[in-house]
Amino acid sequence: MEIRDRKAAQRRAGIMARRGLPQAERAAANAAICARILAMPCFQKAENLLLYAAFGGEVDLAVLAEQAARLGKTVAYPVCGENFTLTAAVPGPAGWEMGAYGIRTPVLERAALIRPEALDLVLVPCTAFDAACRRVGMGKGYYDRYLPRCRNAVALGVAFEAQRVPEAAADEQDWQLDGFVTERKVYRGTDEFEL
């Protein structure tokens, strides 16, 4: 089976797994993941974060975003642009809209922008991942193009344990993350940063 077909199969299975979690189990897992990230040194030290607005059964980081704001951290969200570009935007007042793919997104004209090299922590969603911190995304490559520009940031994947696969269908274009956080544990992908 070609890697493209393996990715598509893992993507479908991962989306079904995350959407199929019972509501109580999902709520408990979201709470555990947010608590785990809050306790991590890479979160505690971070001043500028890139989170995401949960979509399609992804791990919900709303509680984490609230805590980060209370702690005085700057919280940005991704805005998908032309040619599969990604921009980190801090939403202003009344600064949200339905963006590309039906995802809640900051309105760029009413947002403060953060350069990739100014980010300290990037939390990345996925459809599937493995213990070596390789991920399968939605297939457009937004994060794979953006993460190499985040030179000073810890890139941390966020997923439910149900999305883990024995070996993610990743190729040379797919960016390996520094770690992954699930409701059960933290996986280390690289030793470049303290997680």
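1. Asp130 is buried at 1% relative accessible area, while Arg134 is partly exposed at 29%. Here buried is under 20% relative accessible area, exposed over 50%, and partly exposed in between (1.4 Å probe, protein chains only).

2. A word on the basis: this is a predicted model, with local features needing pLDDT of at least 70 and side-chain atom pairs counting only at pLDDT 80 or more, whereas totals for chains, interfaces and linings use all residues. Residues are numbered from 1 along each chain as its sequence is written, and side-chain values use heavy atoms, leaving out hydrogens and water.

3. The count of salt bridges comes to 6. Among them, Asp174 pairs with Lys7, with the closest N and O atoms 2.7 Å apart. This pair links distant parts of the chain, 167 residues apart: Asp174 lies in the loop between strand 10 and strand 11, and Lys7 in helix 1. Helices (H or I, at least four residues) and strands (E, at least two) are DSSP runs, numbered from the N terminus.

4. Lys7 also bridges to Asp171 (3.4 Å, N to O). Lys7 is buried at 16%, as is Asp174 at 18%, but Asp171 is partly exposed at 22%. Shared partners join Lys7, Asp171 and Asp174 into one network.

5. Do look at helix 4 (residues 62-70) too, where Leu64, Ala65 and Ala68 are the buried residues. Val63 and Arg70 are exposed on the face turned away from that buried side.

Note on methods: A salt bridge is a side-chain nitrogen of Lys or Arg within 4 Å of a carboxyl oxygen of Asp or Glu.
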